[in-house]
Amino acid sequence: MPIAYHKKENVFKIDTEHTSYLIGLADKPAYVGHIYYGGRIADHDLEYLLRTEENPFVPSKNARDKLLFMDAFPFELPTHGVGDFRGDALRVRTENGTEVLELHYVSHEILQEKPQLKGLPATFGKEAQTLKILTEDKVVGVQAELSYSVFANSDALIRSVRIINRGKKPVYLEKVYSASFDMDDTGFDLITLHGGWARERHITRNPVNYGFQGLSSCRGESSHQHHPFLALAAKGADQTQGEVYGLHFVYSGNFCGSVYKGQFDQLRVMLGIAEENFCWKLEPGEDFQAPEAVLTYTAEGLGGMSRVYHDLYRQHLIRSPYLKKKRPILINNWEATYFDFDEKKLLAIAKEAAKSGIEMLVMDDGWFGSRNDDRSALGDWFVNEKKLKGGLKKLVDGVNALGMKFGIWFEPEMISPDSDLYRAHPDWAIAVPGRRAVMGRDQYVLDLSRKEIRDYVFERVSAILDSANIEYVKWDMNRQLTDLGSYDLPADRQGELSHRYVLAVYELQERLIRRYPKLLLENCSGGGARFDPGMLYYSPQIWCSDDTDAVERLMIQEGTALVYPLSAMGAHVSDCPNHALGRVTPFATRGYVALAGTFGYELDITKIPEADRAMIPKQVAMYHKYHNLVADGDYYRIASYGENHSYDCYMTVKKDRSEALLTYVQVIAQANTKTRKIRLQGLDAAKQYRIKRFNMETGKEEAYSLKGTYHGDTLMQAGILIDKTWGDFQGMLLHIVAV
Ligand code: GLA
């Protein structure tokens, strides 16, 4: 039984194979407190960790100092206004304008399942248990149901919260976080992912200090700038060892994550929907479901944490049938043509691509309405037959006749002021009546909280998908939300718009994948601004970044792979000089780097240098040979270019440890060096392995300089030597196979 209630001690114990999470009830009426989260332990007799036997004790024993208690007790869901000054996770405004709330335990239940959340992405799976603890503030008539789920085969813990208005009057939720827990600070660093457009998810690590540290997005999407993830790593924890706690939010809109270090050297870690731009009205009897947060604990360092997240998302979050299917190698025409294309150009690209073994053509932005640049036509989802002469079906049939699949780009959430749609429905854009809304990339955001607008979008997207054999959709979202105002919502519900918008995106994508269950959906947002676990529930892959430069991608992909399986990362080989920053890297290296994701091309294959074109079939062979190892394997980070500014190295290892793939990129060469020693990870210490090197010139494996067979423990403890290469930006792929 992974979840148990120990009545005598009033303790709930949630176990996974390697972790335990303990919750205790203290005092009468009882407060719900956090006892312990960490490595698996046998004892449940740990109520002493709530520290209620020391001053100020509990309010029933020492009412005089209740304030001291409230400001020190490790609440599982701290509330506002009753003396806990370390940050609240729940704030409710009543009709009389006050915001005071104190929760007491009411009841609990243990379910033999993982319930789904209505309208929200959520982890799923059999062999799961869920603990629900119901708490209540009797004065306000508000209940909070705390939910904790575990799966038999995972070390992750899934938390969420549901708020129910049991009172007679409406209340306003001003803040509902999904997870919060307190622990003693034994010396932690805070790890987060930060960035910007074309620089997504760079890893940063800083010591936790007194006061608040945190990150958030109020951009209406999870954002380029910050990621809904934080980890606390013990000082000295690295890729292979050390305690690490992770929190990741299964949500695609505004979020806030924080760590607070208080007067007693204790930490409070929290994650949830940002309170800014959020206020949700709950009528009597209504409830509000907050999204899920995925918590992890491991003593096996950052690598251990990554593997827990990767497996959880592959087994319990991504639903697409493509999770287990080989993704077609695609060629996208964005960097090839931008808006300047017609059916002839696309067919020429497809023809050349088919010869090289590329399996799908994706037609990007610019095929609809009067869109010849990024200033117009979003919302006019009608094929531009001046561009695509003969229509879409003819083009798709032509591509299919070459033996290739066809995919298409949409940006369904947007509306250009210069569009027929806007001219007909100016009130469909998110805006405050009487104010001219802020423009971003010359476009506004559709008010998807309105059903008629969602229906229009869905009708247009499906009409296009029904008109031809389209097997892939790239769903883009290219600007952030401003001017929050909806023509439809009453004044006291305007604060719901941001969250309603996210729910609307989820509803639309749910409808899409239900109607087209075989469709391969790739999410995208100006590159990777909505790369989050919420979107993974709908699409098995997300475009990682508009920066396709192989060197920059090393850091973007390293940060992304800290929490996401490689199979989720959209990665393409593009042309050089790179369009984002002008760097020239070898075509082979661009291939090695893109192999760590979904693998595809983003270039005009009819125009690239002959030598590059000739290499594509070799890269295609590489993908076919190794994609299983990359998509399903365990990921090990060996070295980080972001840290050492010299070289990058990572491995993926088959679950049975019979095979591994090592990618090494020498980013900056140095003179007068010895061969570099690399210690492998993840192998079977007792197995013997042989090392082969993939030769991109021939598309075949050949002998490596280390020609013997080597024990796994030797390779992991003593390491291997990396053959010297000449010049910057040189990549190498080693296939390590058990004999
Ligand atoms: C975004 C995407 C790109 C491309 C363009 C089209 O920036 O990230 O890949 O689709 O939009 O406008």
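This is a predicted model: local features need pLDDT of at least 70, side-chain atom pairs count only at pLDDT 80 or more; totals for chains, interfaces and linings use all residues.
How do the residues of the lining of the largest cavity divide into nonpolar, polar and charged? The lining in question divides into 6 nonpolar, 5 polar and 5 charged residues.

The setting of that cavity may now be described. Rolling a probe the size of a water molecule over the atoms shows where empty space is left. Across the whole structure, a search finds 9 cavities of 30 Å³ or more. The largest cavity holds about 140 Å³ of space. Its lining is formed by 16 residues, and the closest to the centre are R327, S567, Y623, H627 and A631. Helix α12, which spans residues 610-632, supplies the largest share of this lining, with 6 residues.

The second largest cavity contains about 110 Å³ of space. There, 13 residues form the lining, and V32, F75, L77, T79 and L103 lie nearest the centre. This lining divides into 8 nonpolar, 2 polar and 3 charged residues.

The ligand is surrounded by 13 residues, of which the closest are D364, D365, K474, G527 and D546. This shell comprises 4 nonpolar, 3 polar and 6 charged residues. Particular atoms of the ligand can be followed to particular residues. A polar side-chain atom of R441 lies 2.9 Å from an oxygen atom of the ligand, and a polar side-chain atom of D476 lies 2.8 Å from an oxygen atom of the ligand. In the case of G527, a polar backbone atom is 2.8 Å from a ligand oxygen atom. Taken alone, the ligand exposes 300 Å², and the protein buries 96% of that area.

The last element to consider is a sheet. Strands of a sheet pair through backbone hydrogen bonds, either parallel or antiparallel. Here, 9 strands form an open sheet with parallel pairing, in the order β29-β28-β27-β26-β23-β22-β21-β31-β30.

Strand β26 (residues 472-475) and strand β27 (residues 520-523) run parallel and are joined by 4 bridges. Opposite W475 stands N523, a residue of β27.

How values were computed:
Residues are numbered from 1 along each chain as its sequence is written. Side-chain values use heavy atoms; hydrogens and water are left out. On a 1 Å grid over the protein atoms alone, a cavity is a set of points where a 1.4 Å probe fits but cannot get out, and a pocket is an open set with protein on both sides within 12 Å along at least five of seven lines; lining residues have an atom within 4 Å of a point. Grid points are joined across faces, edges and corners, and a volume is the space filled by probe spheres set on the points. Helices (H or I, at least four residues) and strands (E, at least two) are DSSP runs, numbered from the N terminus. Ala, Val, Leu, Ile, Met, Phe, Trp, Tyr, Cys and Pro count as nonpolar, Asp, Glu, Lys and Arg as charged, and the others, Gly among them, as polar. A residue is near a molecule or strand if one of its heavy atoms lies within 4 Å of it. A polar contact is a pair of N or O atoms within 3.5 Å; within protein, one must be able to donate a hydrogen and the other to accept it, and residues adjacent in sequence count only if both atoms are side-chain atoms. Accessible areas come from the Shrake-Rupley method with a 1.4 Å probe; for residues, only the protein chains shown count as cover. Two strands pair if DSSP finds at least two bridges between them.
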